[in-house]
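The entries below follow the order in which I looked things up.

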Amino acid sequence: LGDTLAALPALHSIRNRHPRARSTLLTDAHPGRAFVSSWDILGRTGIFSDVLFYDSLSPAWLGWAGLWRLATGIRRLEPELLYYLAPTPRTPSQILRDRLFFRGICGIQESIGLEPTDSWVGLRDGQGPVRLPGEAARLLRVVGEVEDGGDCRVPVNEQERSRVDGLWREAGLPCPGRAIALGPGSKTPAARWPLDRFEALALGLLAALPDLRFLIIGGKEDSGTAQAISRSVG
C-alpha cells in the first residue's frame with residue numbers, strides 16, 4: 001500500500017505523457033497473504049491497461065524456470081519502453097541484475113530508471129541520523145519531473161463511491177462529515193510510526209477541529225493498535 005501511494009505522482013506523470021499508450025503494470029503477488037497489492041489500488045483507475053503478476057515468494061520464481069516464464073510473458077507484450085519504479089533501496093548490483101533481465105532477456109530496448117544512482121545510500125543530516133530521499137520525490141525524478149508533490153489522487157469510480165456511502169450510513173456517521181483516515185500498521189516493523197505520535201497527532205487535530213472523526217484502517221493484526229489509539233483519543 002505504502003509503495004503504491006508513494007508512486008502515484010510518478011504514475012500519473014507517465015500516463016499524462018503517454019495518454020493513448022497501452023500500459024501494463026508488472027507487480028508481485030502474495031498468494032495466501034493479506035497484503036494489499038498495487039493492482040488492488042490501481043486496477044480500476046485507468047492508469048494501467050493490464051497487469052502481469054509474478055510470485056516473488058514461490059520456489060519457482062527463485063529459479064531459472066520462473067524467470068524464463070516471466071520473461072516470456074513480458075516478451076509477448078512486445079513493450080517499447082520500461083519505467084523502472086522499484087522502491088528503494090536498490091543496490092548497484094541489483095540494478096545491474098534487473099537491467100540484464102529486462103533489456104537482455106526480455107528485449108526491452110528503451111528504459112527509464114535503470115541507471116545506477118546514489119539514492120540507495122542514505123545521507124547523514126545535520127544531527128547525525130541517516131536519511132533516505134523521500135520516495136515520492138525520488139520516483140518523480142526518475143520519470144524526469146520536478147519534485148513539486150505531483151498528483152497523489154487515486155481515481156475513484158461511482159461504484160466505489162456508492163459502496164463507501166453505504167458503509168458511512170451503516171456506521172451512523174453524519175454525511176457529509178469531516179474525517180481523516182489513520183493507517184498505523186505496517187508489515188515492516190521499521191516503517192511503523194510510534195503509537196504515541198499517532199495519538200499526539202490525533203489529539204492535536206481534534207483540538208483544532210472538534211467535529212473531526214478518525215477512521216483507523218488496517219488488517220486484523222492492527223486491531224490492538226487501533227483500539228489503543230481509540231481509547232487515547234476518545
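I started with Arg 99, which counts as partly exposed because its relative accessibility is 30%. My cut-offs: buried is under 20% relative accessible area, exposed is over 50%, and partly exposed is in between, with a 1.4 Å probe and protein chains only. Arg 99 sits in helix H5, residues 92–105. Helices (H or I, at least four residues) and strands (E, at least two) are DSSP runs, numbered from the N terminus.

I then looked up what Arg 99 touches. Neighbours within four places in sequence aside, Arg 99 contacts Gly 104, Leu 114 and Glu 115. Contact here means heavy atoms within 4.5 Å.

A note on the source. This is a predicted model, in which local features need pLDDT of at least 70 and side-chain atom pairs count only at pLDDT 80 or more, while totals for chains, interfaces and linings use all residues. Residues are numbered from 1 along each chain as its sequence is written, and side-chain values use heavy atoms, leaving out hydrogens and water.

Next, the whole chain. I noted 9 helices and 8 strands. Of the 234 residues, 27% are buried. Among contacts with a separation of 6 or more, 69% join residues 24 or more positions apart. The chain exposes about 15,400 Å², and carbon and sulfur atoms supply 55% of that. Accessible areas come from the Shrake-Rupley method with a 1.4 Å probe; for residues, only the protein chains shown count as cover.

Which residues does Ser 13 touch? I found Val 143 and Glu 145, not counting residues up to four places away in sequence. Ser 13 belongs to helix H1, residues 2–17. Ser 13 counts as buried because its relative accessibility is 10%.

Salt bridges came next. Side chains of opposite charge can pair when their charged atoms come close. The structure holds 8 salt bridges, each a side-chain nitrogen of Lys or Arg within 4 Å of a carboxyl oxygen of Asp or Glu. Arg 17 pairs with Glu 145, and their closest N and O atoms are 3.2 Å apart. This pair links distant parts of the chain: Arg 17 is in H1, Glu 145 is in the loop between helix H6 (135–142) and helix H7 (158–170), and they are 128 residues apart. Arg 17 is partly exposed at 34%, and Glu 145 is partly exposed at 34%.

I also looked up Glu 160 and Arg 44, which meet in a salt bridge at 3.1 Å, N to O. They lie 116 residues apart, with Glu 160 in H7 and Arg 44 in the loop between H2 and strand E2 (50–55). Glu 160 is partly exposed at 24%, whereas Arg 44 is exposed at 54%.

Last, the strands. How do E7 and E8 pair, parallel or antiparallel? I read E7 (residues 179–182) and E8 (residues 213–216) as parallel, over 4 bridges. Two strands pair if DSSP finds at least two bridges between them. From E7 the chain crosses through helix H8 (residues 195–208) to E8, a right-handed β-α-β crossover. Right-handed means that, with the strands pointing away from the viewer, the path from the first strand over the helix to the second runs clockwise. In E8, Phe 214 stands opposite Ile 180.
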